Amino acid sequence: MVVRSARQIDVRRISPTDTNYFAILFDPERDGVDLVSVVEIFAVGGRTPPNTHARAHEFFYVLSGEGIAYCDGQARKIARGDALMLRPGATHQVVNTGARKLYTLTFMVPNEDFAELIRAGDPLSLDDEDLRTLTGSC
């Protein structure tokens with residue numbers, strides 16, 4: 001069994017210009033699993049770059065906030081409580097369209113080097129809003 005509190009989570013931004021960052025929950029390097037699980041946090045107006053994965057499925061569950069998910073020419077609004085699955089080979093992007101940060105619980109199965117990409121990024125810390133959202137405190 002592996003258990004971590006929000007204050008024990010490694011937080012990274014892949015590139016200094018990115019408008020989203022990742023709180024790493026579980027990954028292959030540290031936990032010996034073939035997936036990566038993160039809370040992905042999007043700044044207001046933040047977005048992922050358009051991307052695709054050759055063999056991995058990517059799953060998002062919206063914890064807080066709202067946005068639009070783009071995939072292969074389609075656009076769907078997403079908000080708290082929505083689940084999104086992206087299949088291998090699908091070009092996709094998630095954009096925060098809300099007035100506050102967008103938080104998603106995100107899994108990539110299999111990892112397909114996503115955890116390594118995140119871990120190579122710049123270390124960050126969770127701010128007070130992040131900690132309140134992740135712990136459910138007011």
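Modeller: Two strands count as paired if DSSP finds at least two bridges between them. Helices (H or I, at least four residues) and strands (E, at least two) are DSSP runs, numbered from the N terminus. This is a predicted model: local features need pLDDT of at least 70, side-chain atom pairs count only at pLDDT 80 or more, and totals for chains, interfaces and linings use all residues. Residues are numbered from 1 along each chain as its sequence is written, while side-chain values use heavy atoms, without hydrogens and water.

Biologist: How many bridges pair β5 with β6?

Modeller: β5 spans residues 66-71 and β6 spans residues 74-79. Ile68 faces Lys77 of β6. The two strands run antiparallel, and the count of bridges is 6.

Biologist: Which residue in the turn of the β5 and β6 hairpin has a positive phi?

Modeller: The hairpin leaves 2 residues between its strands.

Biologist: Which residue of β8 stands opposite Ala69?

Modeller: β5 is also joined to β8, by 5 bridges in the antiparallel sense. Opposite Ala69 stands Val94.

Biologist: Is His92 buried or exposed?

Modeller: His92 belongs to strand β8, residues 92-96. Its relative accessible area is 3%. Under 20% is buried, and in between is partly exposed (1.4 Å probe, protein chains only). So His92 is buried.

Biologist: Which side chain makes a polar contact with that of His92?

Modeller: A polar contact is a pair of N or O atoms within 3.5 Å; within protein, one must be able to donate a hydrogen and the other to accept it, and residues adjacent in sequence count only if both atoms are side-chain atoms. Here the distance is 3.4 Å. The partner is His53.

Biologist: What is the relative accessibility of Thr91?

Modeller: Thr91 sits in the loop between β7 (83-86) and β8. Leaving out residues up to four places away in sequence, Thr91 has contacts (heavy atoms within 4.5 Å) that include Pro50, Tyr70 and Asp72. Thr91 counts as partly exposed, at 42%.

Biologist: Which residue does a cis peptide bond join to Val109?

Modeller: Omega of that bond is about -10°. The residue lies in the loop between β9 (102-109) and α2 (114-119). Glu112, with a positive phi of about 50°, is found in the loop between β9 and α2. The residue joined to Val109 is Pro110.

Technical notes:
Buried < 20%, exposed > 50% of the residue type's maximum accessible area, 1.4 Å probe, protein only.
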